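Subject: Structure handover

Hello,

Here is the structure for you to take over. My notes follow it.

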Amino acid sequence: MAEWALPHINLELCTRCGACVEQCPGHAVAMTADGPSFVQPFNCTYCATCEGVCPQGAIACTYVVTWAPGKQHPLSTAESAEIKKRTSASSAPSAVRP
Ligand code: SF4
Ligand code: SF4
């Protein structure tokens, strides 16, 4: 098992629209010359917001992450609840560039 789970990005499907970068609450992913990249990987809470907003299905949370009893990601409490609220309120991408 990997020490840290990150979403998988398929750069062949990615159109570099930037939606995942704009919506990532932890600023874990940023746009580079090669496409979106995990520039702050330890900020990723594996919330799946990026997966939800990607219009191409190019970024995906492919692991099921479970935390040991009494443990949780330091960013995963109130922020996580807010993310779930936002993503369940709208199934359509909210920041997609043409
Ligand atoms: S899973 Fe969440 S925190 Fe991680 S890169 Fe995607 S939007 Fe950002
Ligand atoms: S949202 Fe999808 S298509 Fe847009 S930059 Fe991110 S991975 Fe690429």
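For sorting residues by class, Ala, Val, Leu, Ile, Met, Phe, Trp, Tyr, Cys and Pro count as nonpolar, Asp, Glu, Lys and Arg as charged, and the others, Gly among them, as polar. A residue is taken as near a molecule or strand if its C-beta atom, placed from the backbone, lies within 6 Å of it.

This is a predicted model, in which local features need pLDDT of at least 70, side-chain atom pairs count only at pLDDT 80 or more, and totals for chains, interfaces and linings use all residues. Residues are numbered from 1 along each chain as its sequence is written, while chains are lettered from A and ligands numbered from 1 in the order in which they are written.

Confidence

pLDDT is the predictor's confidence in each residue, on a scale from 0 to 100. Its mean over the protein is 81, with 70% of the residues at 70 or more. Over residues 90–96 it stays under 50, and the model has 11 contacts beyond four places in sequence for that stretch. A contact here is a pair of residues whose C-beta atoms, placed from the backbone, lie within 7 Å. Where pLDDT is low, the predicted coordinates should not be read in detail.

Ligand surroundings

Ligand 2 is surrounded by 14 residues, the closest being Cys14, Cys17, Ala19, Cys20 and Cys54. By class, that shell holds 10 nonpolar, three polar and one charged residues. Ligand 1 is surrounded by 14 residues, and the closest are Cys24, Cys44, Cys47, Thr49 and Cys50. The shell around ligand 1 splits into 11 nonpolar, three polar and no charged residues.

Fold

The protein has three helices and four strands, in the order β-α-β-β-α-β-α from the N terminus. Both kinds of element are DSSP runs numbered from the N terminus: helices are H or I with at least four residues, strands are E with at least two. Two strands pair if DSSP finds at least two bridges between them. Strand E2 (residues 29–32) pairs with strand E3 (residues 35–38) in the antiparallel sense, over four bridges. The two form a hairpin with two residues between them.

Of the contacts in the protein with a separation of 6 or more, 64% join residues 24 or more positions apart.

Burial and core

A residue is buried if 20 or more other C-beta atoms lie within 10 Å of its own, exposed if 12 or fewer, and partly exposed in between, with C-beta atoms placed from the backbone. Of the 98 residues of the protein, 22% are buried.

A nonpolar core is a set of buried Ala, Val, Leu, Ile, Met, Phe, Trp, Tyr and Cys residues joined through C-beta atoms within 7 Å. The largest one has 15 residues, of which Cys20, Cys24, Val29, Cys50 and Cys54 touch the most other members. Helix H1 (19–23) and helix H2 (49–53) each supply at least two residues of this core, and H1 gives the largest share, three residues.

Leaving aside neighbours within four places in sequence, Cys50 is in contact with Pro7, Cys20, Gln23, Cys24, Val29 and Ile59.

Individual residues

Glu51 lies in helix H2. It counts as partly exposed because it has 18 C-beta neighbours inside 10 Å. Not counting residues up to four places away in sequence, Glu51 touches Pro7, Ile59, Ala60 and Cys61. Pro7 is 44 residues from Glu51 along the chain, and their C-alpha atoms are separated by 8.0 Å.

Two residues other than glycine have positive phi. Ala48, at about 75°, sits in the loop between E3 and H2. Ala48 is partly exposed, because 16 other C-beta atoms lie within 10 Å. Its C-alpha atom is separated by 8.9 Å from that of Cys24, which is 24 residues away along the chain. His27, with phi near 55°, is in the loop between H1 and E2. His27 counts as exposed because it has 11 C-beta neighbours inside 10 Å.

Regards

How values were computed:
Two residues are in contact if their C-beta atoms, placed from the backbone, lie within 7 Å.
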